[in-house]
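Visitor: I have a structure open and some time to go through it. Can you walk me through what is there?

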Amino acid sequence: MHLFIGCTARILANKDSSADETTANTLSFACVCLALHPKIQEEARAEIRQYTDCNGRISYSDIQSMKFLWAVFRETLRMYPTVPFTFRVPTADTMLGDRSISKGDRVFINAMSMCYDERAFPEPFQFQPSRWLSAGADGTNIATLKNHD
């Protein structure tokens with residue numbers, strides 16, 4: 001909770017930031033998810049404690065090293081995306097799967113639907129930060145995505 005309060009205070013203090021609302025919403029959703037899942041909350045707290053110095057401070061580089069905490073935020077953003085949908089306009093005729101899309105057509109991208117697709121995220125309605133801890137081919141932590149048509 002102290003991390004949430006500290007982050008929120010910094011967001012509110014920065015009047016010039018255009019990300020205030022989306023960041024505050026994400027932090028709020030993360031806190032709700034952690035409150036609803038005490039075991040996950042305790043795992044996140046344990047990781048934070050591991051990096052906290054004797055004065056209760058955490059460095060930026062330490063935050064970057066907190067793999068489970070990042071997984072919590074990634075899972076929060078998967079379940080509650082800040083941009084649930086968007087549009088794109090192709091600059092050339094193209095194919096998307098078996099569909100032809102003409103240059104200039106507006107393409108609606110429903111991120112919310114993709115984030116809850118069981119073919120990509122097994123048990124999509126479950127808050128599971130651990131799905132983001134699988135090592136990818138390039139060594140990064142990514143969710144396991146299954147190939148599907």
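**Overall build**

Guide: Of the 149 residues in the protein, 24% are buried, where buried means under 20% relative accessible area, exposed means over 50%, and partly exposed is in between (1.4 Å probe, protein chains only). This is a predicted model, in which local features need pLDDT of at least 70 and side-chain atom pairs count only at pLDDT 80 or more, while totals for chains, interfaces and linings use all residues. Residues are numbered from 1 along each chain as its sequence is written, and side-chain values use heavy atoms, with hydrogens and water left out.

Visitor: How many helices and strands does the protein have?

Guide: The protein has six helices and four strands. They are DSSP runs numbered from the N terminus, with helices as H or I of at least four residues and strands as E of at least two. Along the sequence the pattern reads α-α-α-α-α-β-β-β-β-α.

Visitor: And how much accessible surface?

Guide: About 10,600 Å², with 57% of it belonging to carbon and sulfur atoms. Accessible areas come from the Shrake-Rupley method with a 1.4 Å probe, and for residues only the protein chains shown count as cover.

Visitor: What share of the contacts comes from residues 24 or more positions apart?

Guide: They account for 47% of the contacts with a separation of 6 or more. Contact means heavy atoms within 4.5 Å.

Visitor: Switching to pockets. Which residues line the second largest pocket?

Guide: Its lining consists of Leu96, Gly97, Arg99, Val107, Phe108, Ile109, Asn110 and Met114. Strand E4 (residues 107-110) gives the largest share of that lining, four residues. A pocket here is an open set of points on a 1 Å grid over the protein atoms alone, where a 1.4 Å probe fits, with protein on both sides within 12 Å along at least five of seven lines; lining residues have an atom within 4 Å of a point.

Visitor: How much space lies in it, and how do the lining residues divide?

Guide: The second largest pocket holds about 260 Å³, a volume being the space filled by probe spheres set on the points, which are joined across faces, edges and corners. Its lining has five nonpolar, two polar and one charged residue. Ala, Val, Leu, Ile, Met, Phe, Trp, Tyr, Cys and Pro count as nonpolar, Asp, Glu, Lys and Arg as charged, and the others, Gly among them, as polar.

Visitor: Where is Pro84, then?

Guide: Pro84 is in the loop between H5 and strand E1 (85-88). It is partly exposed, with a relative accessible area of 28%. Beyond its neighbours within four places in sequence, Pro84 contacts Ile109, Asn110, Ala111 and Met112. For Pro84 and Met112, 28 residues apart in sequence, the C-alpha distance is 4.9 Å.

Visitor: What about Leu77, where is that?

Guide: Leu77 is in helix H5 (residues 67-79), and counts as partly exposed at 36% relative accessibility. Setting aside neighbours within four places in sequence, Leu77 is in contact with Thr26 and Thr82. The C-alpha atoms of Leu77 and Phe29 are 8.6 Å apart, and the two are 48 residues apart along the chain.

Visitor: New topic. How many aromatic pairs turn up?

Guide: Five in the whole structure. Rings of Phe, Tyr and Trp (its six-membered ring) pair if their centres lie within 6.5 Å; planes under 30 degrees apart are stacked, over 60 edge-to-face, and the rest tilted. Tyr116 and Phe125 make a tilted pair, 4.9 Å centre to centre with 35 degrees between the planes.

Visitor: Are those two buried or exposed?

Guide: Tyr116 counts as buried because its relative accessibility is 19%, whereas Phe125 is exposed at 60%. Another tilted pair is Phe121 and Trp132, at 6.0 Å centre to centre and 40 degrees between the planes. Both Phe121 and Trp132 lie in the segment after helix H6 (111-115), so this pair ties together parts 11 residues apart in sequence. Phe121 and Trp132 are both buried.

Visitor: Which residues do ring pairs link into a cluster?

Guide: Phe85, Phe87 and Phe108.

Visitor: Last one. What is the phi of Glu123?

Guide: About 50 degrees, a positive value although Glu123 is not a glycine. Glu123 lies in the segment after H6 and is exposed, with a relative accessible area of 51%.
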